[in-house]
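Subject: Structure for you to look through

Dear colleague,

Here is the structure I promised to pass on, with some notes on what turned up in it. Please keep it open while you read.

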Amino acid sequence: MAAASSTLRIGITCYPTVGGSGILATELGEELAARGHEIHFISYDPPFRLKQDAPRIHFHPVRVNGYDLFKYPDYTLPLSVKMAEVSRAHRLDLLHVHYAVPHATAAVLAQDMLPPGERPGVITTLHGTDTTLLGRDPGYGPAIRHALDRSDAVTAVSAYLRGETLRLLGVTRPIEVIHNFFEPKPAQRDRAEVRAELGLRDEALVLHLSNLRSVKRIPLLLQAVARIQPRESFKLLILAGGDFAPFEADVKRLGLEGRVIVRTNVIDIESYLQAADIGFFTSESESFCLSILEAMNFGCPSVSTRVGGIPELVEEGVSGVLVPTADPDDLARAVESLLLDPVRRATIGAAARMRARERFSAPVIVPRYEALYHRVCAR
Ligand code: GMT
């Protein structure tokens, strides 16, 4: 880890599937490559939003063989071997891993496998459930703590997540807070075209986007949506990074057929974001909520539960609406308050957009990662 020049060779590991940590890591890699750094993604598949043909972007697949002896296939060791191999072949300055499990452990092992002069620095970025869920699990917690202690730097995507990591894992080392960022790409279709595709006339478009994991509380989202009045005033679009089939029964039971539209694994999210009027999120826990930030960039105000790091992103009543309970009626009333008041919606939407650009855009956040990289490399 002795980068002499200001451009660096960085290995990035993340989950390649739909999910905030992988999306953030992909965007970061693309932004860094555009700034002249050589970026090597190391994962079992290319990240789903990655433009592999962009200059200075490379992808190295991790192959996992199956063995009869293993009841559970192991990914950590082949990942660490690939990290060491790529580090050596491309003289990486850094391995920046997103989501601690198992990426941080694999990176620390890769570092140990290499001779002293060829060891990249290891930076671990915590995204959420790697602390708030797995950190509580006695089968994972001590290994996560060890990998964090051994990383050369650790970041968390919100002050809330840093606090939870210190509290749950008993970590004492410094953790730098670097919030999520989002840089919208040009939408491929215009608003009118998208609204026509969704069969919208005068209705408002309420948008939810997530990986549908249980922490997102999709049943609560649907219950709340079923209580919004008048029903004819809106449609709900769900951009799903996962299988919506388990929730179809709820849609029927609540009489929401025809009012809920689902699109799965969408890459051109900007086309839908620009067509949305209100974002709606009912998470039980959220370290930051990249989806709210994505909507904010399009002047789309969100209603969400007031949990985790969301208040670091949204100022209540100014750049969004935060609901302190998980009561479907409270949530429905909050959405109605925006549906019925287009002026307030526009005012909050404009404040949301300004806050997103001023605080959580690539030009603001990416230099913070670059500064951290240089600090680690200088050690
Ligand atoms: O923690 C997770 O659930 C995984 C992760 C993901 O890959 O989807 O999501 C987290 O990372 C995002 C990007 O940093 C954050 O914006 C999300 O708030 C966070 N999710 C949770 O904390 C539940």
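A salt bridge is counted when a side-chain nitrogen of Lys or Arg is within 4 Å of a carboxyl oxygen of Asp or Glu. By that rule the side chains of Arg49 and Glu294 form one, at 3.6 Å from N to O.

This is a predicted model, in which local features need pLDDT of at least 70 and side-chain atom pairs count only at pLDDT 80 or more, while totals for chains, interfaces and linings use all residues. Residues are numbered from 1 along each chain as its sequence is written, and side-chain values use heavy atoms, with hydrogens and water left out.

The domain assignment, which is automatic or from a database, gives domain 1 (9–181 + 361–378) and domain 2 (191–359). The centres of domain 1 and domain 2, taken over C-alpha atoms, are separated by 30 Å, and the contact (heavy atoms within 4.5 Å) takes 21 residues from domain 1 and 21 residues from domain 2. Across the interface of domain 1 and domain 2, the rule finds one salt bridge.

About 1,600 Å² is buried between domain 1 and domain 2, with 57% given by carbon and sulfur atoms; buried area here is the accessible area (1.4 Å probe) that two parts lose on being put together, summed over both. In domain 1, Val18, Arg49 and Tyr160 lose the most area to domain 2, together 31% of what that side buries.

Best wishes
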